[in-house]
Amino acid sequence: MGFEELLEQVGGFGLFQVRNVFLLALPRLIMPMQFLLPIFLAAVPAHRCALPGTPANFSHQDAWLEGYLPQEPDGTLSSCLRFTHPQAPHNTTLQGEGQSPGKLQGEPSTEPCPQGWEYDHSEFSSTIATEWDLVCERRGLNRVTSTLFFTGVLVGAVSFGYLSDRFGRRRLLLVSYVSTLVMGLASAASVSYVMFVITRTLTGAALSGFTIIVITLEMEWLDVEHRTVAGVLSSSFWSVGVMLLALVGYLIRDWRWLLVAVTLPCVPGIVSLWWVPESARWLLTQGRVEEARRYLLCCAKLNGRPVGEDSLSLETLSKVAAGEQVVQRPSYLDLLRTPRLRHISLCCVVVWFAVNFAYYGLSLNVSGLGLNVYLTQLLFGAVELPAKLLVYLSVRYAGRRLTQAGTLLGTALTLGGRLLLSSEMASWSTALEVIGKGCSESSFTTVYLFTTELYPTVLRQTGLGLTALMGRLGGSLAPLATLLDGVWLPLPKLTYGGIALLGACTALLLPETRHAQLPETIQDVERKRCPSKLGLVPVPQHRRQSLDEDSLGNEDFSGVSSSTL
């Protein structure tokens, strides 16, 4: 008897599993609010150099500002420079620095803001940019916070993947909750930029526990038939979290209290662990038969399944445990040893990098759409829900490869299309941006399913681990690409679109896997004459369903775990 048969006896889908999915929905709500928090946390409001006070009897403030601030090529006043010596506007006399109009001749000299900056607080009462003046020549430090956060997520994923296999999913989920709570509150109490960067990086590492453990705990208690539905449902909580962030950001305009607000949900999450079951499959692999039996009996009771003592006897469970023992995890080098598997791995690495780079490039840049940042964030979250449903249909009728390439191509085209629109066409620009966000979300959902089907069973978790790590690297570099606008204003969008286009072309080099039998061994992959013909043997519907279940809607990088789903 295998674990699937055992799960069928106690109920593979019932009240026990529904309760589990909703108990584990909270981490999926917390993750997007933390991952996309820089949209509000690190927002840069309108600013200019701090200047001497305006004279009480001076009514023409714009003209007065022109005497202190140089103009940019587009006619706006500079945000980062001021005249070394204030200029006298026409028909006005500057007071406070005593410079006569005739004293300054020729091209006036400028300097960075010696007295700091003044910020527009109409939209944000405070952000980390206003707290530590992360603007102008220091604006790169603002983007570095997001990059280091995702670097922490990357490092934490490797650690939690190993530790959850060794010490259990439930225990490490508690560690993730507590660490996120402590580091999140420490970030909100930061007294310096360095302290904030360190605590946010550690917060990213702590959040990795959610991305690794939650999907495993859900799927290891679900039967094959219902895993797809549960996977789509649970992934939808991510999109709800994206929209919820817009509401929380709108209500709380101070960055410290906003950070507290998105961190405190960890408290009910810690309490909810009292009802979250440990994975019975993992317990059996560790030889902890009595504990597994207790959880299985609880599952049977809640699902209303009468179970005989013989079917769940310690002897029976010990036999199941022997068949569920975890084998030694293959090496990452095994992905590169043979030519066809090397071809698949290199292509998947590029695709995953492109998917994450484009997704977070779009998600973290919500300015310039003609809407306020809160409404834009709400739209970005709302468009993800229908995108998931479209992918669910497209991968079955158009195939995995075309869906992956098409969604990345759609992302690239919408980004390129925005560059062709004039500033007067704000509504069209917004529509293209929202469509691009939907395409990037679709590519994110597809890449999990596609990658899982490409690798043989003996290397599937290893392959997902490698590609997910490259995806995190793309997410880390995405915020830094916005700094390219200092070289040329359209360059960031060209970079996001160009990488997405590269990913689309690379996806076409991968073999189609729709209606294909899953490869079990490396030899199954290598014996194919051509990569594009990989696996054209029809596969029974129950095996296809088994694969779909573990893949759809996991935009939280769950592939790094080495557990057996």
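Does Arg400 count as buried or exposed? Arg400 counts as buried because its relative accessibility is 2% (buried means under 20% relative accessible area, exposed over 50%, partly exposed in between, with a 1.4 Å probe and protein chains only). Keep in mind that this is a predicted model, where local features need pLDDT of at least 70, side-chain atom pairs count only at pLDDT 80 or more, and totals for chains, interfaces and linings use all residues. Residues are numbered from 1 along each chain as its sequence is written, and side-chain values use heavy atoms, leaving out hydrogens and water.

Arg400 has a partner: its side chain meets that of Glu453 in a salt bridge (a side-chain nitrogen of Lys or Arg within 4 Å of a carboxyl oxygen of Asp or Glu). Glu453 sits in helix H20 and Arg400 in helix H19, so the pair ties together parts 53 residues apart in sequence. Helices here are DSSP runs (H or I, at least four residues), as are strands (E, at least two), numbered from the N terminus. Glu453 is buried too, at 1% relative accessibility.

The count comes to 12 salt bridges, including these:

| Pair | N to O distance |
|---|---|
| Arg28 and Glu218 | 3.8 Å |
| Glu118 and Arg48 | 3.0 Å |
| Glu453 and Arg400 | 2.9 Å |

Arg28 is buried at 0% relative accessibility, while Glu118 is partly exposed at 34%.
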